[in-house]
Amino acid sequence: MNIPANRLWRVASAAACALLVSGHVTNAAPAPKLEFTDFEMQLAQTVASDPGLAAFYGANALKPVFTGPESEARRQALLDAIKSAPEHGLPSARYDLAALSEMGGADDAVAEVRFANALSRWADDVGNGIVDPRKTGRMNVREVVPVDMAALLDGMLSDDPAAALDALPPQNPAYLRLKELLSEHLTLVPPADAPQVASGLYKLGVTGPEVAKLRERLASIGFTPEVVPADPEIYDEGLAQLVSDYQQATGLPADGVAGPQTIGKLRDGLTGPEVRRLMIAMERMRWLNGHDLSKRMIWVNIPSYMAEVLEDGQPVFQTRAVVGKSDPEWQTPEFSDTMEFVVPNPYWNVPRSITAATYLPQLQANPNAAGHLEVVDRNGRPVSRDSINFNKYNGSNFPYFLRQKPSDSNALGLVKFMFPNRWNIYLHDTPSKGLFSDSSRAASHGCVRLRDPFDFATLLLRGNSSDPRGYFQQALSTGKERWIKLEEPLPVHLVYFTTIPGPDGQLRNYRDVYGRDAGVWAAIQKAAEAGS
């Protein structure tokens, strides 16, 4: 089989680049000797630290994407995308837009790499989030799905590179609505050169240069009087109306008096609390961007104390939920998984942490304590308490396990819902029904309790039977634990949105029950500063 010379060069070049960027050397027969230009060598060495870029440029035989006679549309598409950073709550300084723009039509390796690195950073930020969720707090264990850089760069080589870039941010309605709300705030942010107004109370009759500055700051965002005032330093009826219009536009009480709240909002701009909440919510939504949120799924928003089943983004089932306590050791973590099992009549296998902290001390004081629990060995076989000297052990070396048999009083109630994970988190029934009437429902040891678990089970089992309710009730009536594998497994997302649009597009705000917003905001600010 004869391979054309140009194709052989491409294949060998790709292989050589792969070896170069990976740093691997083998004892295999030597590849054909290749001659690389300075451009190709510099490009390969520079993108070696970015696996996505390295894979693409290796497979693409080190061909340029952003330099050369046919690259103008690609460069412009990337520049236009980066210009939209504020609309996504992202800091423009991370992408060095001015330096990229100054490169113009440069066709050297330096320009190629600068654009490639900007693309990689932009794709990661707008596609996955500006920060790693796992760095925002110990109980955020979410792992993002990386952007497919090879596919993105293939899209950049197409006839419509702008379309490839437009597809990077989340496209789900909640994110788009958050972006729309943020844009409304952006129109109310005074430019950097607008004069600042000193804190104070400005109302009818107040005079002075600060009043004139207030006029100028309002005018910089479009709030101008119909009639030019005779003296701009006098707080007159016209200025009171402008202040009232601004207050109404920003959600403040429209009383026409520029007090601390109004002056603070005019001063803070994009650091105000409402904008911070929107930006935090958009970041959390970007962490989910690798998941198809239009699919049928289970959605547990921890701050709302609600569990839902969504189809095409709309709730088809909702129930109140009890989530983990605010104590750092018992908080419900954030992550995504796949719901696989419905388990009627579950045993409650007491977590080792609860055994060590709660039950072992009781058993050491009285071997017959906690009589509702069985002591079992590693194989699940019951062990007589009389045969155990509990005082020989501590929480780290206790060789037995505790479990509660299926019953109405079982800590998990009569059914649990399993998406096996290393944090041993699941959804379940509970005998403690009174908690669901509380407005604050952070009371569990991390798992999520459901008010309506039987209806939830019926909905999940629709793929297992034409009569899912009867099917579940029959399994329940046996009184024995049974693991029912779902014929239609579905994604489950444990999320933490203190601000999120509802199905009607209206913003829902919830209490920051675990205080996690501060960690996310601090991480966003740190990333912004590091990139500027």
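## Worked exercises on rings, strands and helices

The charged end of Lys416 is placed over the ring of Tyr426, at 5.3 Å from the centre of that ring; a charge sits over a ring if NZ of Lys or CZ of Arg is within 6 Å of the ring centre and within 35 degrees of the ring normal. The model is predicted, so local features need pLDDT of at least 70 and side-chain atom pairs count only at pLDDT 80 or more, while totals for chains, interfaces and linings use all residues. Residues are numbered from 1 along each chain as its sequence is written, and side-chain values use heavy atoms, with hydrogens and water left out.

**Exercise 1.** Find how many aromatic pairs the structure holds, and work out which parts of the chain Phe335 and Phe419 tie together.

Solution. Begin with the criterion: rings of Phe, Tyr and Trp (its six-membered ring) pair if their centres lie within 6.5 Å, with planes under 30 degrees apart counted as stacked, over 60 as edge-to-face and the rest as tilted. The structure holds 16 such pairs. One of them joins Phe335 and Phe419, whose centres are 6.0 Å apart and whose planes make 40°, which is a tilted arrangement. Last, look at accessibility, where buried means under 20% relative accessible area, exposed over 50%, and partly exposed in between (1.4 Å probe, protein chains only). Phe335 is buried at 2%, and Phe419 is buried at 0%.

**Exercise 2.** Decide whether the pair of Tyr393 and Tyr400 is stacked or edge-to-face, and name the aromatic cluster that holds these residues.

Solution. With 6.3 Å from centre to centre and 85° between the planes, Tyr393 and Tyr400 form an edge-to-face pair. Tyr393 counts as buried at 18% relative accessibility, and Tyr400 counts as buried at 17%. The cluster consists of Phe390, Tyr393, Phe398 and Tyr400.

**Exercise 3.** Give the order of the strands in the open sheet of three, and explain why one side of β5 and of β6 has no neighbour in the sheet.

Solution. Two strands pair if DSSP finds at least two bridges between them. The order is β5-β7-β6, and the pairing is antiparallel. β5 (348-349) and β6 (374-376) stand at the edges with a single partner strand each, so one side of each lacks a neighbour in the sheet. Strand β7 (residues 401-404) pairs with β6 over three bridges and with β5 over two.

**Exercise 4.** Describe where Leu373 is found and which residues it touches.

Solution. Leu373 is in the loop between α14 and β6, and it is buried, with a relative accessible area of 5%. Contact means heavy atoms within 4.5 Å; leaving aside residues up to four places away in sequence, Leu373 touches Trp348, Val350, Tyr359, Arg385, Leu402, Arg403 and Gln404. Between Leu373 and Gln404 there are 4.7 Å in space, C-alpha to C-alpha, although they are 31 residues apart in sequence.

**Exercise 5.** State at what angle α11 and α12 pack and which residues make the contact.

Solution. Axes are lines fitted to C-alpha atoms, for helices over the stretch in contact, and angles run from 0 to 180 degrees between N-to-C directions. The two helices pack at about 70°, with their axes 11 Å apart. That makes α11 roughly perpendicular to α12, given that angles under 35 degrees count as roughly parallel, over 145 as roughly antiparallel, 65 to 115 as roughly perpendicular and the rest as oblique. The contact involves Val243, Tyr246 and Gln247 of α11, together with Thr262, Lys265 and Leu266 of α12. In the loop between α11 (237-249) and α12 (260-268) lies Thr250, which is buried at 11% and touches Leu188 and Lys265, not counting residues up to four places away in sequence.

Conventions:
Helices (H or I, at least four residues) and strands (E, at least two) are DSSP runs, numbered from the N terminus.
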